[in-house]
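This briefing covers the zinc site, the pockets and the cavities of the structure below. Please read it with the sequence at hand.

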Amino acid sequence: MLYIKCPYCGLRAQKEFSYGGDATVKRPNINEEVSNEDWDNFVYMRKSPRGKHIELWQHIAGCRQWIKVQRDTATHEIFQTAKVTEEIR
Amino acid sequence: MKNVSSLENIHKLGLFGNNDNKDELINIREIKDVLIYQIVKYKKSSISIDKIKIDNLNLPKTLFVSSNHYTRILWMGPDNWLVVSSNKEIEKSILENLSHDDFALTDLSHSRTILELEGSLVDEVLKKGCPLNLDGLDEGKCSNSAFHAITITIDFISSNPRKIRIFALRSFGESLYHSITDACLEFGYKAE
Ligand SMILES: [Zn+2]
């Protein structure tokens, strides 16, 4: 099991979280023309990197906040966590 | 309106489990007839919560509870609190002290099942289904977590004797009750 440091509650077990996918995907701007391909990419297409990955998790059985987690998808090592409003670099 | 408990036909009083020749059992009670309100501060609000008092209690900081004899206010998340009170005037106190422009108030009184567990073995019961690190979760703290995949809120009421309250959604009440009492069997428990 992973231990994830929630920026609000502190270190918690993975059991309290749910996974929310790639945190670097940006929604196309509202009220602007968007091509079918760009929309398709936003909705469906995801990279599946081996190595460092910035992802969203929700502390669903905790403070219920969405957070960012930088995790190695091969070793599961977690390098950094942050609030969604903060950047991971 | 009468609040019919989800444990109405489940919570049977008496001694259960391995209770022979035990110096100490775990006591399990159901907490009923309390008023429960959720308070959420709007994202757009810039009001400071420091001066706000409800039933003379502050809105507590992360993982803390503020309490008096009738009312307990639990931190649920950023800008989110749960008021649990046997003071029938609590809604008035909340409405007097919180402005509509800054806070949303929701009556959750009928939406939770609450179990109170007391005894020195309470932590051992929790450890069977809850991944929380209980170190430091002493009197006056609270936390959300899960017990065998049921989302719960734990209010750490007192350290000596160890006394906690576990909140679950009402619809999970019966399932939580069976999970908790099952975990209590090896220690013996008294349902009261
Ligand atoms: Zn959290």
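In the class counts used here, Ala, Val, Leu, Ile, Met, Phe, Trp, Tyr, Cys and Pro are nonpolar, Asp, Glu, Lys and Arg are charged, and the others, Gly among them, are polar. The model is predicted: local features need pLDDT of at least 70, side-chain atom pairs count only at pLDDT 80 or more, and totals for chains, interfaces and linings use all residues. Residues are numbered from 1 along each chain as its sequence is written, chains are lettered from A and ligands numbered from 1 in the order in which they are written, and side-chain values use heavy atoms, with hydrogens and water left out.

**Zinc site**
- Cys6(A) (SG), Cys9(A) (SG), His59(A) (ND1) and Cys63(A) (SG) are the protein donors of the zinc ion, at 2.0 to 2.4 Å from it (donors are N, O and S atoms within 2.8 Å of the metal, or 3.2 Å for Na, K and Ca).
- The arrangement is tetrahedral because the 4 donor atoms subtend angles of 101 to 115 degrees (four donors count as tetrahedral if all angles lie between 85 and 135 degrees).
- The spacing of the donor residues in sequence is C-x2-C-x49-H-x3-C.
- Cys9(A) and His59(A) are both buried (under 20% relative accessible area, 1.4 Å probe, protein chains only).

**Pockets**
- A pocket is an open set of points on a 1 Å grid over the protein atoms alone, with protein on both sides within 12 Å along at least five of seven lines; lining residues have an atom within 4 Å of a point.
- The largest pocket has a volume of about 330 Å³ (the space filled by probe spheres set on the points).
- Domain 1 (14–32 + 111–191) and domain 2 (35–107) of chain B both give residues to the lining of the second largest pocket, so it lies between them (domain bounds come from an automatic or database domain assignment).

**Cavities**
- The whole structure holds 2 cavities of 30 Å³ or more (a cavity is a set of points where a 1.4 Å probe fits but cannot get out).
- The largest cavity, about 150 Å³ in volume, has a lining of 5 nonpolar, 7 polar and 5 charged residues.
- The second largest cavity holds about 40 Å³ of space, and the zinc donors Cys9(A), His59(A) and Cys63(A) are among its lining residues.

Technical notes
Four donors count as tetrahedral if all angles lie between 85 and 135 degrees; four count as square planar and six as octahedral if opposite donors are over 155 degrees apart and all others between 65 and 115; anything else is irregular. Buried means under 20% relative accessible area, exposed over 50%, partly exposed in between (1.4 Å probe, protein chains only).
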